[in-house]
Structures are given as C-alpha cells and as structure tokens.
Amino acid sequence: RGKQFSTVLGLDVCDQTLHHFSGEIPKPNITLQPAGLVSWGQSVSIRCDVMDGLSGSFIFTNAPSSVIQTINSNSSSATFHIAQVRLGNEGLYQCRDYTSVCFNGEFLIKTSTPASVTLSN
C-alpha cells in the first residue's frame, strides 16, 4: 500500500503499489459540529470521512467550488476548522478526497454531498 504514482505525458497514472478496487467506493461523508444553526463568533468543525482503510488528500471547498484548504492525511478523515464564524463563512461546504485508490487505471476522486453553515439571527 502506498501513495506513489508516475507521471506520463503530464497525466497521473496509477502505480502498482496503490489500492485497487473494482466495486463502488462511497462518497466522502461530511459532518458539521455543531450541526444546525450557528451563532456569530462560534467555532465550527467540518469533518470529512472516507471508507476505512483509505487515505489521501482532502480538499475542502465552499460554493461554487473555491478551495479553502487542502489537508494531506494518513487516516480516513480530515477536519477543517472555522475559529469564529462570520457572515462570509455562511454557505455550502464540500470535501473532495483524492485517495490512494486506483480504479480502472485512474486515481479515484469522490466529492461529498454539500453541508450548510448557517448563522442564526
């Protein structure tokens, strides 16, 4: 098991040391803590989990898909923290996992369903 890859003509190609799957790999699961409405200045954690045994680079985005943080992880989860929620933090968040999975000769990239950060009045 490894995260090695080779580059051929600028394209990433799966290496033999990676996980190889032929079945369906589920999307990453995204959760907010706390869930529901949050207060101005409150801290929020946005966690992304993938299937056990996988790891990789987790890309956290907000709508429409601006990258806000990339976390390289050796575990099956990563967490993005908002220290103090402000108006600009409201919106939909997603995580994208670039795992160490090789599927049909290509790296598998899965995106979570969106999770919403909403300020209470």
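**Reading strands and burial**

Mentor: Start with a parallel pair: strand 5 (residues 37-38) and strand 12 pair in the parallel sense over 2 bridges. V38 stands opposite L119 in strand 12. Two strands pair if DSSP finds at least two bridges between them. Helices (H or I, at least four residues) and strands (E, at least two) are DSSP runs, numbered from the N terminus.

Trainee: What should I know about the model itself?

Mentor: This is a predicted model: local features need pLDDT of at least 70, side-chain atom pairs count only at pLDDT 80 or more, and totals for chains, interfaces and linings use all residues. Residues are numbered from 1 along each chain as its sequence is written, and side-chain values use heavy atoms, with hydrogens and water left out.

Trainee: In what order do the 3 strands of the open sheet run?

Mentor: Strands of a sheet pair through backbone hydrogen bonds, either parallel or antiparallel. Here the order is 4-6-9, and the pairing is antiparallel. Strand 4 (29-33) and strand 9 (77-82) are the edges, each pairing on one side only. Strand 6 (residues 44-49) and strand 9 pair over 6 bridges. In that pair, C48 stands opposite A78.

Trainee: Which residues does a cis peptide bond join?

Mentor: Most residues other than glycine have a negative phi, and most peptide bonds are trans. In this model a cis bond joins Q33 and P34, with omega about 0°. P34 lies in the loop between strand 4 and strand 5.

Trainee: Why is T61 classed as buried?

Mentor: Because its relative accessible area is 3%. T61 lies in strand 7 (residues 56-62). Beyond residues up to four places away in sequence, T61 touches S66, V67, I68, L92, Y93, Q94 and R96. Contact means heavy atoms within 4.5 Å.

Trainee: And where does P28 sit?

Mentor: In the loop between strand 3 (19-20) and strand 4. P28 is buried, at a relative accessible area of 5%. Leaving aside neighbours within four places in sequence, its contacts include C48, C95 and K110. P28 and S76 are 48 residues apart in sequence and 9.5 Å apart in space, C-alpha to C-alpha.

Methods: Buried < 20%, exposed > 50% of the residue type's maximum accessible area, 1.4 Å probe, protein only.
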